[in-house]
Amino acid sequence: MAGMDAFLRGMAHNMDYFGSLTTGAKSLIEAEKSGRSTEHLDFGVAAMCASCAACKAIIYCSKECSERDWNLGTALKKLGTHKEFCPINKSHMARHGETQAILTQFPWGRLETDGTFNDYVARGRFDVLGGSDYGFWSHRGGLVPHNFGTEELKTLVENETYARILTPFFATFDHLDGKDLFKEDHLSDVDGWKLETRLIAYRQFPSASKRPQIVTEFHRRISNWESWYEWRGLSKESPAALLMSFPLSAYWLVTHCLQLTRASVGRPEKRVPLHLHVIGAEVELNYLPLFSELALLLPYHDIKLVLFGPSVEKLVAIAKKSHRPSLAGKSSSSAPVFAYEAPKECGSGRIEIFLHGASSLWGPEMLSAANEYGGRPDGAIALNAGLGAHRTWVPVIQSIHRAVMPFAITEYTEHSCGIQRATFPQIVRQIYAQPMKEYPIELNPFQRPGQRGVPCFRLPNIVNGFTMVVCKPEP
């Protein structure tokens, strides 16, 4: 695929990736302020050739590639051909109007000419684009945003040439998710957000004017970005949604998709315990203090989050070996890595977050009443889960169905949710358990705004873009 070759090689030669995008963002701001045209400043992903004429969802490098995918399938050959997926793709493409409206409500929510959103350029506008040492914005980024090793990368990229091109990015974007947990104290709101004070979603409120009212007295339910920004008293100039998508998606999965609780359930005299497992946690480790938002959104609740995943195990192992006095080094099944209590004016919600460092995977033993975190959880969630991308999810899906434990996820695409949903009955029947009657899929109102720039695809593809209920006990 010549177009992909050119794209990857161009990226490989530009190792000052973050710096060049921040420079571009500043040029964009200057042009906007002066009223000059910004057409020459395009940060989209150039089409490699042409899209499918029918669904317009797939970009091909050549006519031959298009014909082969139509009849035989390429990237999705194990699941079906483009001929089979094309009508479904057309229905998914109709979502673009909704997803673009979520983005364009923000002044920094710029649609590129190809319909994508470059969140790195948005971060560059606020000088918070980088790898490590950027507070809550710290991330690996680049073309390898996950904590893969070089050998793991080669297994992901079938073409060895691509693997060789991508490998140098590991050194350039060498950030360990959760690195700030090697410190002895959590970042303050100012040090973590690194924004003007008027743009910060505080957890430690410097004044009453920065503190939201108790959510149960707010005039409407917190059900989308508009209502959250209003409740928080934030201007939409704030890029907070780019990070707050994770804690707010967790809130939406728990309160809307799984209906485990509601803001109005708790009372000062009758606090509500809520025990959740977060499976496959990764980038969330960079901004655990932002999950304090759950304590603000759920007054008079005592929330326990236990984080599982390879990134969690890796972080804890390094901390126990080399950073023992640190937040992560001192954490254990009885010592949370983060704890927060909301002000009494906001309902005194409490949250504790634990890191499961004993193993990389979540196992059925975590459903036992005798597990180390105080018994069976009330439910489980996973953000940007990728259920169809990792085989390790199969035993998780099976165990959760056997126990009929509430479990909901977010995914990048509605398309992948549909493919995963179709496999659940077969996966579950392998252990003689009963599949759910329905696996509802919905647009997530707390998705991170903006279409991801994926060179080959134009299907709605968004961080925390869609929700799916994987298991939910029947009423």
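**View 1. Lining of the second largest pocket.** The residues that line the second largest pocket divide into six nonpolar, three polar and five charged, where Ala, Val, Leu, Ile, Met, Phe, Trp, Tyr, Cys and Pro count as nonpolar, Asp, Glu, Lys and Arg as charged, and the others, Gly among them, as polar. The model is predicted, so that local features need pLDDT of at least 70 and side-chain atom pairs count only at pLDDT 80 or more, while totals for chains, interfaces and linings use all residues. Residues are numbered from 1 along each chain as its sequence is written, and side-chain values use heavy atoms, with hydrogens and water left out. The pocket has a volume of about 300 Å³, and of its 14 lining residues the closest to its centre are Cys257, Glu438, Pro440, Val469 and Lys472. Helix α12 and strand β10 each supply at least two residues of this lining. (A pocket is an open set of points on a 1 Å grid over the protein atoms alone, where a 1.4 Å probe fits, with protein on both sides within 12 Å along at least five of seven lines; lining residues have an atom within 4 Å of a point. Volume is the space filled by probe spheres set on the points, which are joined across faces, edges and corners.)

**View 2. The open eight-stranded sheet.** The strand order is β5-β6-β4-β3-β7-β8-β10-β9, with mixed pairing (two strands pair if DSSP finds at least two bridges between them; helices, H or I of at least four residues, and strands, E of at least two, are DSSP runs numbered from the N terminus). The edge strands β5 (338–341) and β9 (441–443) each pair on one side only. Strands β3 (residues 272–279) and β4 (residues 301–308) pair in the parallel sense over eight bridges, and Val278 stands opposite Leu307 in β4. Helix α17 (residues 414–429) packs on the sheet, touching β8, β9 and β10 (contact means heavy atoms within 4.5 Å).

**View 3. Packing of α16 against α17.** Helix α16 (residues 393–403) packs with α17 at an angle of about 75°, with their axes 9 Å apart (axes are lines fitted to C-alpha atoms, for helices over the stretch in contact, and angles run from 0 to 180 degrees between N-to-C directions). That makes α16 roughly perpendicular to α17, a term that covers 65 to 115 degrees. Val394, Ile397, Gln398 and His401 of α16 meet Phe424, Ile427 and Val428 of α17.

Definitions and conventions: Angles under 35 degrees count as roughly parallel, over 145 as roughly antiparallel, 65 to 115 as roughly perpendicular and the rest as oblique.
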